[in-house]
Amino acid sequence: MASTFYKKDGAQPWLWEMMANPTFDGMSRQFKDAFLQVNTNTNALHRMYERDVARMQAFPEISEELMKTIKTPAFIITGDADVVTPEHTVQMYRVLPHARIAVFPCGHGDYIGEITTPRDTTLITATVSMIEKFLSEPMSEEN
């Protein structure tokens with residue numbers, strides 16, 4: 001689970017301020033270009049943008065009771081200067097019964113090489129290594 005939240009207050013307040021009045025022009029050029037490399041239809045790009053905005057504006061919070069029913073091991077990763085607050089990341093870690101957590105010293109997606117961020121290969125390599133370790137760990141019988 002990368003840079004994610006289950007309650008609105010888990011995100012930085014500026015995210016919801018931005019989502020109140022988003023514009024297509026405000027969407028990063030890198031995202032637009034990457035989409036158009038896969039699908040050259042600009043109308044499809046606009047529809048994807050509109051769906052994403054609508055999904056975020058109607059963000060449904062998930063109750064802690066429902067979160068606690070997740071029995072699958074989860075590796076929660078985020079940056080300390082991410083869209084998600086570090087406090088919320090720790091809260092999610094405490095709610096999920098079989099979670100591991102890593103908080104990296106960086107911003108949103110920097111730890112995995114998100115398309116709009118500078119590439120820090122040392123950080124990306126460390127993140128990939130931690131993900132591979134998590135995925136290779138045997139599940140306990142209670143999972």
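Visitor: What pattern does the protein chain follow, read along the sequence?

Guide: This is a predicted model. Read along the sequence, the chain follows α-α-α-α-β-α-β-α. It has six helices and two strands. The C-alpha trace spans about 50 × 35 × 25 Å along its principal axes.

Visitor: How many of the residues count as buried?

Guide: The chain has 143 residues, and 37% of them count as buried. The cut-off for that word is under 20% relative accessible area.

Visitor: Which residues meet where H1 touches H3?

Guide: From H1 come Leu 15, Trp 16, Met 19 and Ala 20. They meet Val 53, Met 56 and Gln 57 in H3. Six residues of this contact are nonpolar, one is polar and none is charged.

Visitor: Why is H2 called oblique to H3?

Guide: H2, residues 29-38, packs with H3 at about 130°, with the axes 10 Å apart. Roughly antiparallel would need an angle over 145 degrees, and roughly perpendicular ends at 115. That leaves oblique, so the word applies to H2 and H3. H2 passes H3 in a right-handed crossing.

Visitor: Which residues make the contact of H2 with H3?

Guide: Lys 32, Phe 35 and Leu 36 in H2 meet Thr 42, Ala 44, Leu 45 and Met 48 in H3. This contact divides into five nonpolar residues, one polar and one charged.

Visitor: Now to H5. Which residues of H5 are buried?

Guide: H5 runs over residues 86-95, and His 88, Thr 89, Met 92 and Val 95 are buried there.

Visitor: What covers the buried residues of H5?

Guide: The cover includes helix H4 (64-67), strand S1 (74-81) and strand S2 (99-107).

Visitor: Why does Ser 3 count as buried?

Guide: Ser 3 has 12% relative accessibility. The cut-off is under 20%, so Ser 3 counts as buried. Ser 3 sits in the segment before H1. Its phi is near 50°, a positive value in a residue other than glycine.

Visitor: Where is Lys 7, and what does Lys 7 touch?

Guide: Lys 7 is also in the segment before H1. Leaving out residues up to four places away in sequence, Lys 7 touches Phe 59, Glu 61, Ile 62, Glu 64, His 88 and Gln 91. Among these, His 88 is one of the buried residues of H5.

Visitor: How many residues apart are Lys 7 and Phe 59 in sequence?

Guide: They are 52 residues apart in sequence, and 8.6 Å apart in space, C-alpha to C-alpha. Across the chain, take contacts between residues at least 6 apart in sequence: 71% join residues at least 24 apart.

How values were computed: Residues are numbered from 1 along each chain as its sequence is written. This is a predicted model: local features need pLDDT of at least 70, side-chain atom pairs count only at pLDDT 80 or more; totals for chains, interfaces and linings use all residues. Side-chain values use heavy atoms; hydrogens and water are left out. Contact means heavy atoms within 4.5 Å. Helices (H or I, at least four residues) and strands (E, at least two) are DSSP runs, numbered from the N terminus. Ala, Val, Leu, Ile, Met, Phe, Trp, Tyr, Cys and Pro count as nonpolar, Asp, Glu, Lys and Arg as charged, and the others, Gly among them, as polar. Buried means under 20% relative accessible area, exposed over 50%, partly exposed in between (1.4 Å probe, protein chains only). Axes are lines fitted to C-alpha atoms, for helices over the stretch in contact, and angles run from 0 to 180 degrees between N-to-C directions. Angles under 35 degrees count as roughly parallel, over 145 as roughly antiparallel, 65 to 115 as roughly perpendicular and the rest as oblique. A crossing is left-handed if the near helix is turned anticlockwise from the far one by less than a right angle, and right-handed if clockwise.
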